[in-house]
Protein chains: 2
Amino acid sequence: MYVAAGGTGTTDKRLLRGVRTRHIVLRRAVDVASVEGLAGLSFGKLAADTGMSKAGVQTLFKTKEALQLATVGHAREMFVDAVVRPARTATHGVARLRALIEHWIVYAEAPLFEGGCFRVANLADYDSRPGPVRDALFRDQQEWLDLLAGELRHAVAAGEIPDTDPRVTAFLLDAVLCAANTALRVGNTDAIDNIRRIADTLLTAC
Amino acid sequence: MYVAAGGTGTTDKRLLRGVRTRHIVLRRAVDVASVEGLAGLSFGKLAADTGMSKAGVQTLFKTKEALQLATVGHAREMFVDAVVRPARTATHGVARLRALIEHWIVYAEAPLFEGGCFRVANLADYDSRPGPVRDALFRDQQEWLDLLAGELRHAVAAGEIPDTDPRVTAFLLDAVLCAANTALRVGNTDAIDNIRRIADTLLTAC
């Protein structure tokens with residue numbers, strides 16, 4: 001959903017400014033949450049980091065939970081832009097899976113977020129804290145697992161890989177990517193080699 | 001290292017009381033840190049939870065970092081007692097690996113710690129925060145990876161599994177266990193089935 005930026009009236013300008021401010025705050029919030037976790041977000045700190053007033057930031061998001069949920073949504077959009085969308089040019093099945101993995105490696109290695117993969121940083125943190133934030137994080141992960149399983153199903157149907165349960169293999173692939181992300185954070189770059197070697201084993205005909 | 005409990009003098013009794021108090025506080029600290037992370041530990045909260053004085057708890061550990069490091073050490077000991085030690089009765093190689101995995105499943109499913117696997121909860125949280133706590137967590141994980149790789153090496157030498165790089169397979173096994181731990185926290189018990197199916201594939205001759 002994109003907001004049209006054509007209006008010139010005061011209300012349109014205010015709306016536009018609100019959208020921009022929201023974007024700036026959320027971009028910073030994603031970085032902070034990737035390092036310190038979503039629990040580490042605060043209106044005051046985000047205001048200070050982005051040069052805005054605390055009241056201004058608070059008006060945009062109202063509650064801390066709404067800010068956390070908006071941050072999860074923003075991280076998801078950035079992940080889709082960096083990993084999912086660019087892989088869509090590849091053919092369904094093994095080619096698309098390899099493209100997703102390579103884009104994921106760039107995403108985690110660069111990294112896109114200050115603290116590496118947003119989902120890894122926050123899933124382990126929130127897995128024992130029931131509530132809307134945990135639900136949003138797990139929905140996000142499920143969407144990613146479903147995407148991987150769907151491509152694995154294509155690969156099985158095309159005879160590119162043996163007929164194994166796509167959900168189990170998707171679980172395995174995601175587990176390896178998450179573990180590599182954690183290893184990368186302490187400078188263990190062998191993790192990238194591990195991903196590629198495991199992917200080679202999983203994504204070949206026998 | 002165990003403290004001898006034979007003495008009867010005032011100093012011995014005081015020492016013994018110190019050791020007991022330390023144990024009670026650390027047992028609680030491990031549970032708190034498995035849910036809220038090591039950053040969530042505080043002298044005041046631990047004192048309240050264990051019915052001790054804040055000053056008493058603070059005297060035992062001096063600094064928050066010392067408390068966090070002692071908590072990592074205590075969680076490690078409990079993990080060794082629950083998972084590593086009972087598996088030692090099994091023969092080196094595939095039998096020992098299967099025993100380690102089964103004991104790990106009980107450890108994560110029961111769970112031994114309120115928030116599930118201590119290492120998973122804290123590694124992702126600390127991976128972007130350099131310092132002694134992160135170092136201790138990664139040393140702990142490395143020790144576990146080395147244990148798995150050592151048994152995989154035995155399995156390869158005995159011809160029980162194909163000759164693949166034990167470090168890559170250990171990385172994969174640990175990744176799957178960590179991901180299952182996170183899935184278990186939201187009640188996804190398919191994760192246990194996933195572990196066993198992946199282990200079956202990894203730990204067979206071809």
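In the predicted model described here, Tyr126 of chain A (A:Y126), leaving aside its neighbours within four places in sequence, is in contact with A:L38, A:V133, A:R134 and A:L137; two residues are in contact if their C-beta atoms, placed from the backbone, lie within 7 Å. The model is a predicted one, in which local features need pLDDT of at least 70 and side-chain atom pairs count only at pLDDT 80 or more, while totals for chains, interfaces and linings use all residues. Residues are numbered from 1 along each chain as its sequence is written, and chains are lettered from A and ligands numbered from 1 in the order in which they are written.

A:Y126 lies in helix α6 (residues 118-126) of chain A. Helices (H or I, at least four residues) and strands (E, at least two) are DSSP runs, numbered from the N terminus. With 24 other C-beta atoms within 10 Å, A:Y126 is buried; a residue is buried if 20 or more other C-beta atoms lie within 10 Å of its own, exposed if 12 or fewer, and partly exposed in between. A:F138 is 12 residues from A:Y126 in sequence and 9.5 Å from it in space, C-alpha to C-alpha.

Chain A as a whole contains 9 helices and 0 strands. Of its 206 residues, 42% count as buried. The C-alpha trace of chain A spans about 60 × 40 × 30 Å along its principal axes. Among contacts in chain A between residues at least 6 apart in sequence, 62% join residues at least 24 apart.

The same surface serves both copies, as 100% of the contact residues of chain A recur in chain B.

The contact between the chains takes 26 residues from chain A and 26 residues from chain B. On the side of chain A that touches chain B, α6, α8 (166-185) and α9 (190-202) each supply at least two residues, and the largest share, 10 residues, comes from α8(A). This side divides into 15 nonpolar, 6 polar and 5 charged residues, where Ala, Val, Leu, Ile, Met, Phe, Trp, Tyr, Cys and Pro count as nonpolar, Asp, Glu, Lys and Arg as charged, and the others, Gly among them, as polar.

The axes of α9(A) and helix α8 (residues 166-185) of chain B come within 10 Å and cross at roughly 85 degrees. Axes are lines fitted to C-alpha atoms, for helices over the stretch in contact, and angles run from 0 to 180 degrees between N-to-C directions.
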